[in-house]
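Here are my notes on the fold, point by point. Please read them with the structure open.

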Amino acid sequence: MADTEVQERKIVVAIDEGKESIYALTWATKNVVSQNSNDTIILLYAKPPLKVYSTLDGSGYLFSSEVMVSMEKYSKDVADCVMEKAKRVCKDLQNVKVEARIEKGDAKDVICEAVEKIGADLLVMGTHGYGMLKRAFLGSVSTHCAQNVKCPVLIVKKPKSSNGGNKSS
C-alpha cells in the first residue's frame, strides 16, 4: 500500500503586512493545498531589523532604551497581527498542518534561508505588482527569491479591481 500513500509537502507561504500576501495565501489554500493530503503550510513572516543609526558622523540619531523597547514592541505587535490574520485564512483547512515562523532580517534573505532550512517543496508569494522603474529602485523580493531558492516558486498576483483596473472587457 506504500504506492497509495500521499507524500508530505512543505509549502512555505511568505506573508507581510500587504493585502497581496494574504491574497496569495488564500489563493494557495484553494488551488494548491489538498485537503486530503499530508501538506504542511509554513507561514513565514520576516520581521525587519530595527535600524539604529550611528551619531559618529553627526548625521544619525541615537535612541534611548525606552524608545528602542517601544519600537521593538511595535514590531512584535505588527508581526503578531500579520500572523493572526494569516492563521484565520487557514483555520478551516482539514488534514493540513499549519506552522507559523517569525524570523528577523531582510525579507529576501530570511525567505531564501528559511526555504532552504525547511526543505520546502514550494514557495508561495504575493507580489506588489510594481512597474519596472519601481522594481529597479526598490528591488523585488519575489524576483530575488525566484532566482535564488531551489524549490519551485509560485508568485500570485492579486487581480486589479474591476472598477478602475486597466483591463477592458
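1. Contacts across the chain. Take contacts between residues at least 6 apart in sequence: 78% of them join residues at least 24 apart. Contact means heavy atoms within 4.5 Å.

2. Ground rules. This is a predicted model, in which local features need pLDDT of at least 70, side-chain atom pairs count only at pLDDT 80 or more, and totals for chains, interfaces and linings use all residues. Residues are numbered from 1 along each chain as its sequence is written, and side-chain values use heavy atoms, with hydrogens and water left out.

3. Overall layout. The protein has 5 helices and 5 strands. Both are DSSP runs, numbered from the N terminus: helices are H or I with at least four residues, strands are E with at least two. Along the sequence the pattern reads β-α-β-α-β-α-β-α-α-β. Of the 169 residues, 31% count as buried. Buried means under 20% relative accessible area, exposed over 50%, and partly exposed in between (1.4 Å probe, protein chains only). The accessible surface is about 11400 Å², and 52% of that belongs to carbon and sulfur atoms. These areas come from the Shrake-Rupley method with a 1.4 Å probe; for residues, only the protein chains shown count as cover.

4. The sheet. In what order do the strands of the open sheet run? The order is β3-β2-β1-β4-β5, with parallel pairing. Two strands pair if DSSP finds at least two bridges between them. On average, neighbouring strands are turned by 25° against each other, direction ignored. Axes here are lines fitted to C-alpha atoms, for helices over the stretch in contact; angles run from 0 to 180 degrees between N-to-C directions.

5. Strand pairs. Strand β2 (residues 40–47) is joined to β3 by 8 bridges. Leu44 stands opposite Arg101 in β3. Between β1 and β4 there are 3 bridges, and Val13 has Val124 in β4 as its bridge partner. A further pairing, β4 to β5, has 5 bridges. There, Thr127 partners Lys157 in β5. Strand β4 is mostly covered, with 5 of its 6 residues buried.

6. Helices over the sheet. Helix α3 (residues 107–118) lies across β1 (10–15), β2, β3 and β4 (122–127). It runs at about 150° to β2. Helix α5 (residues 141–148) lies across β4 and β5, at about 160° to β4.

7. Helix α1. This helix (residues 19–31) has 13 residues and spans 18 Å from first C-alpha to last, close to the 18 Å expected at 1.5 Å a residue. The expected span is 1.5 Å times one less than the number of residues. Its buried residues are Ser21, Ile22, Ala24, Leu25, Ala28 and Thr29. Seen down the axis, they fall within an arc of 155°, so they line one face of α1. The arc is that of the directions from the helix axis to the C-beta atoms. Lys19 and Lys30 are exposed on the other side. The cover over the buried residues includes β1, β2, α2 (65–90), β4 and β5.

8. Cys145. Not counting residues up to four places away in sequence, Cys145 touches Lys108, Ile111, Cys112, Leu123, Met125 and Val153. Its C-alpha is 9.8 Å from that of Val110, 35 residues away along the chain.
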